[in-house]
Amino acid sequence: MPVTVETTVSRMPRPVPIHFSHAEQSFSLKKRPARLSLSLPPQPPSKGCPPLSRMFPQQPSPWTPLSFSLAKSPPPNSVYDPSKQQSYFNQCFTNLGLLGRGSFGEVYKVRSNKDGRQYAVKRSAHRFRGNSERNRSVREARNHERLCPHPHILNFESAWKKCGRLYIQTELCSTSLLLHVENQPLGLDEPTAWGYLCDLLSALEHLHSQGFVHLDLKPANVLVTPSGRLKLGDFGLLLELKRTTGDGAQGKVKEDMQEGDPRYMAPELLRGEYGPAADVFSLGVTILELACNMEVPNGGEGWQQLRQGRLPSQFTGGLSDELQSVLQMMLKPEPSERPTVSELLALPSVWKYRWKRRVYLMLTEA
């Protein structure tokens with residue numbers, strides 16, 4: 001008599017992001033920093049690795065332009081002389097001070113010696129540790145250049161590498177959205193939150209139409225101009241979606257994928273599913289945080305609650321039904337159930353505030 005044996009296939013659980021080990025268990029009101037310097041992200045801890053000079057012997061590394069803007073319009077000899085000992089950065093710019101520092105690197109406020117205007121220059125924190133890291137940095141710069149110009153994308157000026165580090169020159173903004181909101185004691189009023197939603201939807205509409213997803217949308221990666229216009233920046237995790245042949249589905253390039261901020265991360269990213277819907281979710285969490293003046297948990301029960309589609313009623317009670325409805329749609333657990341950016345912009349409530357926002361910015365910038 002044949003014997004049948006039932007077999008069960010056990011699935012190995014996916015590794016939990018390292019950020020979750022320090023999770024805030026629930027929602028809370030925003031914690032205001034006592035000083036500006038406290039809001040800057042800390043530098044990554046030393047891991048006891050041997051010096052880079054021992055792992056990767058340093059070779060002469062000349063200044064190399066990475067952007068089409070520099071290749072098409074190189075600096076005149078009166079501004080940059082490659083025979084001099086000074087670097088391209090020191091010859092072409094006057095350093096006006098440090099704007100911010102974090103694990104990504106350092107951002108400086110500079111004045112161009114070529115045109116006299118002020119800009120921001122971001123320098124990578126470390127020298128390239130291999131070809132994959134070098135290629136990723138070059139890809140970040142060239143993708144950023146491809147996305148510009150757009151009224152809600154941080155203006156790209158140029159990019160170059162020197163001594164194994166990436167430099168990206170962009171327009172100079174007043175501050176980040178994170179610091180701007182932290183300086184508002186009572187948080188944002190709802191009309192301002194609607195305006196910010198419209199600005200960032202416009203940025204994502206352009207980005208998605210070019211075949212990209214941002215994958216790291218959060219207040220720290222959004223810049224604010226003197227007129228109050230929001231501009232999306234920091235394209236280090238930008239992913240280009242590529243169409244496959246056959247069934248017409250969209251594939252993805254996953255090499256060198258990195259982990260984003262868990263507070264704004266869409267649930268499907270933990271399953272390795274990347275697409276425009278992840279940006280919609282991150283934007284929903286961002287607007288929820290700003291409109292409710294609350295801290296978003298980076299793990300625990302509160303983190304799970306958001307990814308189950310349940311908004312914290314103790315914070316959203318003061319929001320209008322219109323805004324609650326839009327946020328509820330953006331935070332759907334299943335990416336296929338979330339509206340696209342184009343569908344959100346077509347909503348009557350969003351369309352109304354987008355028109356008002358355009359008029360406001362036009363008058364302010366005039």
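This is a predicted model: local features need pLDDT of at least 70, side-chain atom pairs count only at pLDDT 80 or more; totals for chains, interfaces and linings use all residues.
## Helix pair H6 and H7

Helix H6 spans residues 190-209, and helix H7 spans residues 276-292. Their axes come within 10 Å. They cross at roughly 165 degrees. Angles over 145 degrees count as roughly antiparallel, so H6 and H7 are roughly antiparallel to each other. The crossing of H6 past H7 is right-handed.

On the H6 side, the contact includes Ala 193, Tyr 196, Leu 197, Leu 200, Leu 201, Leu 204, Leu 207 and His 208. These meet Pro 276, Asp 279, Leu 283, Ile 287, Leu 290 and Ala 291 of H7. By class, the contact has 12 nonpolar residues, 1 polar and 1 charged.

## A cis peptide bond

Most peptide bonds are trans. The bond from Cys 148 to Pro 149 is cis, with omega near 0 degrees. Pro 149 sits in the loop between helix H4 (131-147) and strand S6 (156-162).

Most residues other than glycine have a negative phi. Cys 163 is not a glycine, yet its phi is positive, at about 55 degrees. Cys 163 belongs to the loop between S6 and strand S7 (165-171). Its relative accessibility is 37%, so Cys 163 counts as partly exposed.

Asp 234 also has a positive phi, near 55 degrees. Its loop runs between strand S11 (230-232) and strand S12 (239-243). Asp 234 is partly exposed, with a relative accessible area of 27%.

Definitions and conventions. Residues are numbered from 1 along each chain as its sequence is written. Side-chain values use heavy atoms; hydrogens and water are left out. Axes are lines fitted to C-alpha atoms, for helices over the stretch in contact, and angles run from 0 to 180 degrees between N-to-C directions. Helices (H or I, at least four residues) and strands (E, at least two) are DSSP runs, numbered from the N terminus. Angles under 35 degrees count as roughly parallel, over 145 as roughly antiparallel, 65 to 115 as roughly perpendicular and the rest as oblique. A crossing is left-handed if the near helix is turned anticlockwise from the far one by less than a right angle, and right-handed if clockwise. Contact means heavy atoms within 4.5 Å. Ala, Val, Leu, Ile, Met, Phe, Trp, Tyr, Cys and Pro count as nonpolar, Asp, Glu, Lys and Arg as charged, and the others, Gly among them, as polar. Buried means under 20% relative accessible area, exposed over 50%, partly exposed in between (1.4 Å probe, protein chains only).
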